[in-house]
Amino acid sequence: MKAAAPELLPLLKQYFGFVSFRPLQEEIIRDSLAGRDTFALLPTGGGKSLCFQLPALTHAGLTVVVSPLIALMKDQVDALQASGIAATFLNSSLAAGEGRTRLRGLHNGEYRLLYVAPERLMLSGFLEDLQRWKVKLFAIDEAHCISEWGHDFRPEYRQIAQLRQLFPGVPFMALTATATDRVRADIVTHLKLREPACFVASFNRPNLTYRVIPKNKPFDQLLDFLRGRPKESGIVYCLSRKGAESVAERLSTAGIKAKPYHAGLTPKERSAHQELFLRDDVRVICATIAFGMGINKPNVRFVFHYDLPKNIEGYYQETGRAGRDGLPGECVLLFSAGDAVKQTTFIDEKPNPQERQIARAQLQQIVHYAESANCRRVELLDYFSETFAEENCGACDNCLSPRATFDGTLAAQKFLSCVFRIREKNGFGVGLNHVVEVLTGADTEKIRNWHHAQLSTYGIGQEHSRQEWAAIGRELVRLGFLRQTTEKFSTLELTPAGAAALKQRTKVTLTKPAIAPETKTHHVGEITCDEALFERLRLLRKTLADERDVPAYIIFSDVALRQMARSYPQSEREFARISGVGEKKLREYGAIFLGEMAAYLQTNPRQMFAEEAFVVPMSQRSQVGDSARETLRHFQAGESPEQISANRGLVIGTIYGHLATAIESGENLDLAQLATAVAQAEIAAAFARTGWGNIVGARELLGEKYEYGLLRCFRAAANGKRNR
């Protein structure tokens, strides 16, 4: 007889303090618990870790988490222990005595989760230990490291597949935040996943705002940005170690606490600077790409790219470190064509021809992104083969302040004609800069040697500067009229569309470069609250964190503090309804925070806030998968949830979850099939008292007589009415 699936929502609340799952989490967890290999691609902040942490609590045995970074291991283990979960890690940072103590604990079955690096995992003695520890799941975090086409290839990840022979019955779970179609296929192949259940969430981060600003006196631009956000922390990414050092030093001189982070520092220095940042003792880290992967700091409010990133995949990963707690985050990129020239120089130094070609293609993509007048979100999602359905994302510079356009037909004709005439004369193509030199009538050695002053297009572009012509050329590439090769000597070629436009004098609209002014708008994830109380609670959190020698967010997230500063809980029951308050944190911190809020209210009035509906952003709404769609088909045929549960062999909670997902995705379901009119009235009254975001509170008021999943269905339906 098949074992009943465990109830997951009570465990989610008990240990993690959450009342509902994020998109795809529950489905991933249930498939893994059923013994299936799983592949999960969830964006940064999408809750990957919970997918293997929660299953570890359901029954005896050890979950082994393969992680590439020591910092990530310590962070996650600290957070798990703070929530009352038995977890540990083994790596080179531990003293010999501490390592032996942890090994004894593993032999005695004291832990539910073990974090370990791939190099240690594959040692013969360690493999023998694993076979004695009743491993029930291998979770491979940052799984893109296994692919040469990924942005962070690590050869040691290729060895992990050997575990298949030693543990044939143990399921694998591979997780990553960024992977193109090719990298996804590599992960499945190289890890030897067996008919895995594959889950790919939306790459959209609706709480992030994207802006690209023309680079002009970059340090002054950065300083103005930071001075406008005196209480926020974030990351400034620089191309070089020297740049990271210089920017950090200048910020410190300007009175902003900042530290550098790059591979040139000693491990001790890097660890110290990272710890200062995690604990909010330093609010800005100036870093190369050496910093970031696996850094579990949820309240990073901004990511500022001081220099042009090398590729879109890396840029997406880096910007994804902002707003992991779901609150608003800002992503700013300073762009100049000169940065692209610098990067090209570095690329030309690569010894491997294939690496050079890939790097050039990736550089072209990020330059196109930076210069595009299209929605930034559309461009990013398109890179990952995802379509963004909205016409205006409302959270990027190009959507908030659309760029001015002009009739660029004449300019396009001149540029395309120049490319055509050069190839016609010489039989080969040239690069963008040379075309610009011909158009502007430059006198260079190449123009003289190739007799390009004799071309009909020589000097016909005096109305634009060289920089403007270069921007026009790049836009014509983006529009598909030109193709830019990726060989060492990159050349421009007319595409069929470009040849047709040249011949037919097709009207071409081009974009004027401009600085988009900041626009004040409501950001997805924003929680209005009593800001004075929020600051007071932040200070209390910092004090408690320092006493316990952990980062502040281990105590509570900014989301939790903002909810406290909005709802002013006055009892343990009310405090338990705050997001992130599980049983252990209620016992350990409930009285302290309740006392602080009571003291605050003795001298400060309560503020009143407009009721905010529980809104699921369009981009975060659940997608109806095959299993949920089958449940929906049964439901629409008139079957009750209980009948569907029996017919499909699934627990009732899963059926309700499928129906809630369907409602959240826009399906109209007859609620009368789910509950009587009396029950519907009771549920509505409970939510009216607790707020539509608080399922646990509503269920308590109702005496726990209704399923979590049923309440989720009613919340989703109510939210749908608000959105219409």
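**Exercises on a predicted model**

Seven strands make up an open sheet with parallel pairing, ordered β3-β4-β2-β5-β6-β1-β7. The model is predicted: local features need pLDDT of at least 70 and side-chain atom pairs pLDDT 80 or more, while totals for chains, interfaces and linings use all residues. Residues are numbered from 1 along each chain, and side-chain values use heavy atoms, without hydrogens and water.

**Exercise 1.** State which strands are the edge strands of the sheet.

*Solution.* Two strands pair if DSSP finds at least two bridges between them. β3 (87-90) and β7 (197-200) each pair on one side only, so they are the edges. Strand β1 (residues 38-41) runs parallel to β7, joined by four bridges. Within this pair, Leu 41 stands opposite Val 200. Helix α9 (residues 181-190) packs on the sheet, touching β1, β6 (172-176) and β7. Its direction makes about 155° with that of β1, where angles run from 0 to 180 degrees between N-to-C directions.

**Exercise 2.** Classify Glu 26 as buried or exposed, and list its contacts.

*Solution.* Glu 26 lies in helix α2 (residues 25-33). Buried means under 20% relative accessible area, exposed over 50%, partly exposed in between (1.4 Å probe, protein chains only). Glu 26 has 13%, so this residue is buried. Beyond neighbours within four places in sequence, Glu 26 contacts (heavy atoms within 4.5 Å) Leu 8, Phe 21 and Arg 712.

Terms used. Helix = DSSP H or I, 4+ residues; strand = E, 2+ residues; numbered from the N terminus.
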